[in-house]
Amino acid sequence: RDNRIVFRYRHVREPDGPDDDRRRLAVAFYRLELAGGSRQAGSPRADAERGTLFLPYGSQLAYVVRLEPQTELRVKRLAFRGSSGHLDVWLETDTAEPRRMARLEKGGQGGAVGLPVDEPTPGRLVLRALAEGTAEREAGVLLEEPELWSGDPVQQAAAWRAPEPDGPRRPHIVLYLVDTLRSDRLGVYGYERPLTPRLDEFAREAVVFERAVGQSSWTRASIASIFTGLWPHTHGAIGRRDRLSEEAVTLAEALAAGGYHTVAFATNPNIDERFGFSQGFEEYYHVRRGTDSPRVTARVLQWLDQWEDDGRPLFLFVHTVDPHDPYTPPPEFMERFAPESKEYLEERAAQRRRDRWSTTEENLWHMNRLYDAEVAFNDASFGVFLDELRERALYDDSILAFVSDHGEEFQEHGNFTHGKNLFAETLDFPFVIRFPGQREGRRVATPVQHTDLMPTLLDYLGLPIPDAVEGRSLAAVADPRFEEPAGSGARIFSHLELDGSLILSVVDGDWKMIEWHARRGPHRALFNLREDPGETVNLADRYPIRTAVMARMLTERLEGGGARLRREEAELDEELERSLKALGYLQ
């Protein structure tokens with residue numbers, strides 16, 4: 001029968017007024033362990049080498065697991081030692097009462113116990129070994145080779161094969177990255193203000209990934225994931241002075257090995273050569289002055305006009321930074337999208353950086369308008385860039401990818417700018433890619449991430465994907481026969497380890513959990529993204545099993561995954577430090 005433990009606390013009155021410091025009593029349990037059970041029960045024991053699990057009578061084991069449709073608990077053989085008894089298999093979920101799925105008794109030869117669910121579901125699986133009477137010492141149930149098994153819930157798309165090059169060389173690749181660009185400020189992602197007509201036009205003949213979630217919420221960690229296909233905890237370029245290890249195999253290196261001429265134009269000092277981001281680029285230009293997107297575009301076009309085509313395909317990386325703080329749109333875009341904010345901007349420019357951020361409604365309104373104007377400014381430059389690619393016959397037969405590294409927060413969850421949390425406003429990014437000759441647009445709802453870009457490009461080109469890559473190829477979407485897989489898609493893990501804090505998050509289908517690490521234990525928030533895309537209602541207490549399963553995912557991701565690269569620290573000169581301080585990355 002059930003045992004119950006009850007905690008009772010003395011009532012504490014609500015405060016009577018603003019000066020009354022009395023508060024409702026709050027109690028937090030970070031861990032509660034109950035030892036004991038049957039006096040005859042010992043501790044369950046697992047033998048990894050033999051693949052066995054032994055439960056003494058009177059004991060139980062509980063596992064939080066993610067169940068797929070048609071999941072089964074499979075056991076090669078059951079052995080009952082000593083007294084007669086049985087093994088009960090129970091299943092509990094957040095939305096259903098505990099159910100006994102099977103009672104396995106002496107004489108059974110093993111087999112399978114079905115754990116039916118209609119869709120991927122977090123569950124608590126409990127194994128209870130019970131004796132009919134008083135059990136003697138070392139009596140219990142031995143399970144040989146127990147395992148949870150499920151069929152593949154994802155329907156495979158049409159078999160993918162990299163297309164044979166139509167001409168003497170593979171297609172050119174242009175990767176256009178806009179720094180600090182929120183996906184929800186773009187027309188193609190549903191924004192009502194007409195900020196991005198050129199991107200929206202481009203997207204109509206491209207693949208739009210509707211749910212793209214980044215690996216981190218600041219530039220260095222995110223772009224390192226784009227360049228390597230590795231999770232931030234793996235590549236190690238996660239701190240203010242960290243550089244990308246030379247052990248990393250970058251996208252540029254992989255393409256150079258495949259015969260590409262690799263060229264980059266970067267603007268944010270966080271991906272300066274001294275931070276290791278020039279690896280694999282034959283030419284790496286850091287635009288340190290005049291970083292607005294028209295000037296960056298002019299530099300790129302000047303290079304293209306002087307480019308001596310030696311027959312190799314081109315990989316061109318273009319990085320613009322207009323939407324990044326400070327938000328100072330040029331007059332034309334100020335007049336169109338933030339005319340009321342001109343005086344505000346002049347006043348704000350005279351303030352010290354740390355005094356600029358206030359939480360008044362007026363301040364937030366102006367900042368959002370100025371940010372919108374910067375987004376529109378960058379979109380116009382992107383359109384000019386596409387026009388120039390067409391003029392140079394580099395548009396139609398190239399792979400063109402449009403992404404950002406992270407978004408920007410305007411007090412949705414208590415902060416400004418980015419690199420402070422892992423909520424949607426700083427993680428969700430635009431991911432639009434057009435393949436050679438594509439004329440018909442396609443929208444894909446399956447969740448994707450930064451680490452998927454590198455394997456997608458290499459797979460499409462038929463080039464080898466480095467073994468260490470942690471993303472997955474999305475190249476099948478280039479096939480006209482593509483059908484979006486059923487199921488929730490891959491889990492997406494994000495990571496922020498900056499200024500002494502560690503924050504992790506995981507997206508699993510329609511659910512997202514964020515975990516803040518602190519000395520007294522982790523704090524977790526669980527969100528249903530379908531019902532609450534703004535991540536405002538924490539459901540962790542309502543769905544404890546799902547929360548525990550997703551916490552386990554994060555633990556396994558943090559402790560497992562690929563081999564971690566060596567963390568290295570860059571040597572900064574005065575100019576680089578000054579550039580980083582100007583953008584708020586160093587104090």
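Colleague: Is R185 buried or exposed?
Modeller: The model is predicted. R185 is found in the loop between strand 12 (173–178) and helix 1 (197–203). Its relative accessibility is 6%. The cut-off for burial is under 20%, so R185 counts as buried.

Colleague: With which side chain does the side chain of R185 make a polar contact?
Modeller: R185 touches Y191, L195, T196, N368, Y371, D372, V375 and F410, leaving aside residues up to four places away in sequence. One of these contacts is polar, at 2.7 Å between side chains. The partner is D372.

Colleague: What span does helix 8 reach from its first C-alpha to its last?
Modeller: Helix 8 covers residues 361–391, which is 31 residues. At 1.5 Å a residue, 45 Å is expected. The model comes close to that, at 46 Å.

Colleague: How do the rings of F227 and F281 pair: stacked, edge-to-face or tilted?
Modeller: A search of the whole structure finds 24 aromatic pairs. F227 and F281 form one, with 5.9 Å centre to centre and 55° between the planes. Stacked needs under 30 degrees and edge-to-face over 60. The F227 and F281 pair is therefore tilted.

Colleague: How many residues apart are F227 and F281?
Modeller: F227 belongs to helix 2 (residues 219–228). F281 sits in the loop between strand 16 (261–266) and strand 17 (283–286). The pair links distant parts of the chain, 54 residues apart.

Colleague: What are the relative accessible areas of F227 and F281?
Modeller: Burial calls for under 20%. F227 is buried, and F281 is buried too. The values are 2% for F227 and 10% for F281.

Colleague: Which residues form one aromatic cluster with F227 and F281?
Modeller: F227 and F281 are paired with each other. They also belong to one aromatic cluster.

Colleague: Over the face of which ring does R557 lie?
Modeller: R557 is in helix 11, where it is buried. That helix covers residues 544–559 and reaches 22 Å, close to the 22 Å expected. R557 lies at 5.9 Å from the ring centre. The ring is that of F493.

Colleague: At what distance from the ring centre of F54 does R81 lie?
Modeller: A charge over a ring must be within 6 Å of the ring centre. R81 lies over the face of F54. The distance is 4.9 Å.

How values were computed:
Residues numbered from 1 in each chain as written. Predicted model: local features only at pLDDT ≥ 70, side-chain atom pairs only at ≥ 80, totals over all residues. Heavy atoms only, no water. Helix = DSSP H or I, 4+ residues; strand = E, 2+ residues; numbered from the N terminus. Expected span 1.5 Å × (residues − 1). Buried < 20%, exposed > 50% of the residue type's maximum accessible area, 1.4 Å probe, protein only. Polar contact = N/O pair within 3.5 Å; in protein donor to acceptor, adjacent residues only side chain to side chain. Contact = heavy atoms within 4.5 Å. Phe/Tyr/Trp six-rings, centres within 6.5 Å; stacked < 30°, edge-to-face > 60°. Lys NZ or Arg CZ within 6 Å of the ring centre and 35° of its normal.
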